[in-house]
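Hi there,

Here is the structure I promised to pass on to you. Please open it next to this email, and I will walk you through what turned up.

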Amino acid sequence: MKLLHTSDWHLGRSFHGVGMLDAQRDFIEQLVAFVRERSVDVVLIAGDVYDRALPALDVVKLLDDALVRITDAGAKVVLTSGNHDSAIRLGFASRLLERGGVHLRTRVEDLHSPVLFPLEGEAGETAMLAVYGIPYLEPRLVADKLGVEAASHFEVTQAAVRLIREDLSRRSETGPVHSVVLAHTFASGGITSDSERDVSIGGLGAVPLDLLDGFGYTALGHLHGRQELAGHVRYSGSPLAYSFSEAKHRKGAWLVEVGPGGVGNIEEVLWKAPRELAVLRGKLGELLESAEHAWAESAYCQVTLTDPVRPAQAMEQVRVRFPDTLVLSFDPEGAEGKSKASYSSRISEAEDDLGVCCGFLDHVRGRPADEAEQRALLTALEAVRLEGAEL
């Protein structure tokens, strides 16, 4: 049996103001084609299928289309909810959908209710595959249901895993059972990126890796970088880059083979990105003229200019060569001293209104006001003062 481990589709998400529905449709095209070509039996989606608890209608339609096409291609679907999803909304009509091969695991009550698949070997040996789903567990909301006193990610996840282990033990009494667990969580050792919104502040939401020991395969969701944490514990990552910090990620999934003897070969799967991401840094002139940046002309770009003085109409100039520049920032050379103090702290040291205005000019364009500009500012400030006095 072949399982395709995916997660964090984030349908409906935008990328720095650019809509991504077309790119997400392209990913689904690739996924469906892969399911057909490799005869995938089950597609696993470990949470965050949507980017919002209340997705737009066209986003809901996209997921509906995807599920229909995946099942038409011959695969079942097992899907858990993530911290971006509304578990109640995503889990609607779960019993009805199950008849069509789409198995939703979004409720605490279903933690110990696996999706069962028979496994048969070439020599006639048989076993059962039990696929369990651990949705994102918000400690404050599920602690009582799981019978734990401390409302922490560790405690509720530990309780969920205990229920799964107990069910697995009971099923194993009647024959060999192999387990796969989907979990949308932050496991210790996972490498984060900017586009994940923290499960909790300060890393307190992390659960220890050994909590997941003993399962045949653990399909994790939440972190957007595809990675192997330990043996058969892996993150598939998001299928598309959702921040420039993911520019060097190789987006994909894991193809997991399971037979009567347990988990066998695990193969990396790569998705083709519709657009490359470029993170560029340097002086404006160098960026506009250097041949080494030619590849970035068709990419989405994040540009940091290091000119000592902020160039006029910087974005307009950058977009002449890199039309899809989405983020532009400034880090002037030789400005280390200024960067150490925040803008607010520097402004608080201004002696008068003119100092505040001149400090703002310096902050936004990288150079102080000259004499003529200071005179203009004084005139404007005086006019405002007089107008206020008349009122």
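**A histidine in a loop**

Let's start with His84, which sits in the loop between S5 and helix H3 (87-90). Is His84 buried or exposed? With a relative accessible area of 8%, His84 falls under the 20% cut-off, so it counts as buried. Its side chain reaches the backbone oxygen of Asp51 at 3.1 Å.

Before you go further, please keep in mind that this is a predicted model. The protein chain has a mean pLDDT of 90, and 90% of its residues reach 70 or more. Take care with residues 197-204, where pLDDT stays under 50; the model has twelve contacts beyond four places in sequence for that stretch.

In soluble globular proteins, nonpolar side chains tend to be buried together. Here, the largest nonpolar core has 32 residues, and Leu4, Trp9, Leu31, Val43 and Val49 are those with the most contacts inside it. Among the elements that give two or more residues to this core are helix H1 (21-37), helix H2 (57-72) and strand S13 (252-259). The largest share, seven residues, comes from H1.

Leaving aside neighbours within four places in sequence, its contacts include Phe27, Leu31, Val49, Leu63, Ile70 and Tyr242. There is also a second, separate core of 30 residues, which includes Val108, Ala183, Phe215 and Val233.

Helix H6 (residues 153-172) has 20 residues and reaches 28 Å from its first C-alpha to its last, close to the 28 Å expected at 1.5 Å a residue. Among its buried residues are Val156, Ala160, Ile164 and Leu168. An α-helix has 3.6 residues a turn, so residues three or four places apart point the same way. The cover over the buried residues of H6 includes strand S8 (126-134), helix H5 (139-146) and strand S9 (177-184).

Now turn to helix H8 (residues 314-321). Which residues of H8 are buried? They are Ala314, Val318 and Arg321. These residues cover an arc of only 55° around the axis, so they lie on the same side of H8. On the other side of H8, Glu316 and Val320 are exposed. The buried residues of H8 pack against helix H7 (284-289), strand S16 (300-305) and strand S17 (325-330).

Enjoy exploring, and write back with any questions!

Best wishes

Technical notes. Residues numbered from 1 in each chain as written. Predicted model: local features only at pLDDT ≥ 70, side-chain atom pairs only at ≥ 80, totals over all residues. Heavy atoms only, no water. Core = buried A, V, L, I, M, F, W, Y, C linked by side-chain atoms within 4.5 Å. Buried < 20%, exposed > 50% of the residue type's maximum accessible area, 1.4 Å probe, protein only. Helix = DSSP H or I, 4+ residues; strand = E, 2+ residues; numbered from the N terminus. Contact = heavy atoms within 4.5 Å. pLDDT = per-residue confidence, 0-100. Polar contact = N/O pair within 3.5 Å; in protein donor to acceptor, adjacent residues only side chain to side chain. Arc of directions from axis to C-beta. Expected span 1.5 Å × (residues − 1).
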